[in-house]
Amino acid sequence: MANPIEIILTMMIVGQVCISVPILFSRVATHAINLPLALFLLASGILALNSAISAVLPAYYPIYTAVAFPTLFMLCPSLWLYVQGLTADAPWQLKKRWLKQYALTAPAILLSMMILTLPKEIHTAIFVHDKEINDPFISTLLIGILIMMLLWLLQCAYTLLKIVRRLNQYRKKLKDVFSNHDNKNLNWMNWLLLISVSVWLCSVVTVFSSSLFNHALFNSNTEMILSLILIWCMTHFGLQQKPALARLESDDINQDKSEIIITDDNTTHDQRCATKKYQRSALDQTQSTRIATKINSAMEQDKLYLDSNLSLHKLSKHLNVSPNYLSQTLNETLSVSFFDFVNQWRIEAAKPKILANRSTVLDIALEVGFNARSSFYKAFKQVTGQTPSEYRKAHVKS
């Protein structure tokens, strides 16, 4: 019998997918990054139909399982390629080598073809009533499915690790390029990963608890609610989020191969920093010191830090110095990232305003170049070791 709550949740998920996927596909021609996101959402929508098809359209369930099984192996590669494109230094492009990410889909399709050959009553006995049937063909099919599911679990874990590492690299890169990155740091992706892991754990625990104890620790509604939140996050943020680094001019990021870039190989960020960072640069210590003086002068006299949209590229144009030389000077001579360097000037400008106590903290934050109260608080605490109110109290007393 169909669970009405589950059917409602399923329809909400499918509705979101049906609205967002056509929009994403229409954007693929101009922004290829929308393709993996569309595939992820499409696969999620198909998988969400499992219980509804089984309860409402049981006659079509054998066909559905054959379609849904390989769809499962599209989730991780699609999510990874989307994150990869979202954090890339250049616009993401469709390439044949990305197809290897979907390698597990091929054996899954083979198993799906085997599923389609099963008589309806055998299919129902195996996939609906979970009965054991002694038959070499069926045993081979079930072993194949088991192996593929284990590979899928490994793929999920590996993809999660890759995404976490990639996001860490990306956020470090943002600090070298932007003075404010409140709308670029992809914090929503942390929640997305948490929800994804929760859905994954919920599914795994439910399967094992049902098999071992004949009782599911989580009902299907729990999994569907988590899936609905996951799909909502992907549609809401995915339709709005643009690749921050790729939107800059190519010269803004990698005029020279000595510049740090986010690559797709398996080397670690620290290894690349140690071996490639500035190794081909012609900048010597004398030039670097001269550039450092120009940077500080631009901040002190021109007050560039007041520009909330100040970037490495803007500073480069203002000083007529290459972005790579600026980055090298900041990191090697001044031992600070572009983000922290600009925020230090902003905090120094904010200190007398905090002591004067004539404006709100938000107004002060906006006046000195911050985009949000929260980022101002975080930067102020990092530079002074105190919150604005603590700083005011300490200095008023003294």
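Author: Leaving aside residues up to four places away in sequence, Leu47 touches Tyr64, Ala68, Thr71, Leu72 and Leu75, where a contact means heavy atoms within 4.5 Å. Leu47 itself lies in helix α2, which covers residues 34-48; helices here are DSSP runs of H or I with at least four residues, strands are runs of E with at least two, and both are numbered from the N terminus. One of the touching residues, Thr71, is 24 residues away from Leu47 along the chain, and the C-alpha atoms of the two are separated by 7.4 Å. Leu47 counts as partly exposed because its relative accessibility is 25%, given that buried means under 20% relative accessible area, exposed over 50%, and partly exposed in between, with a 1.4 Å probe and protein chains only.

This is a predicted model, in which local features need pLDDT of at least 70 and side-chain atom pairs count only at pLDDT 80 or more, while totals for chains, interfaces and linings use all residues. Residues are numbered from 1 along each chain as its sequence is written, and side-chain values use heavy atoms, with hydrogens and water left out. The pLDDT, the predictor's confidence in each residue from 0 to 100, has a mean of 81 over the chain, with 83% of the residues reaching 70 or more. Over residues 249-275, however, the pLDDT is below 50, although this stretch has 64 contacts in the model beyond near neighbours in sequence.

As for cysteines, the structure holds 0 disulfides, a disulfide being a pair of cysteine sulfur atoms within 2.5 Å. Cys156 is accordingly in no disulfide, and the nearest cysteine sulfur, that of Cys76, is 3.4 Å away. Cys156 counts as buried, because its relative accessibility is 13%.

Lys303, which is not a glycine, has a positive phi of about 50°, and is found in the loop between α13 (285-302) and α14 (312-319). With a relative accessibility of 41%, Lys303 counts as partly exposed. Asn320, also a residue other than glycine, has a positive phi near 60°, and its place is in the loop between α14 and α15 (323-333). Asn320 is exposed, because its relative accessible area is 71%.
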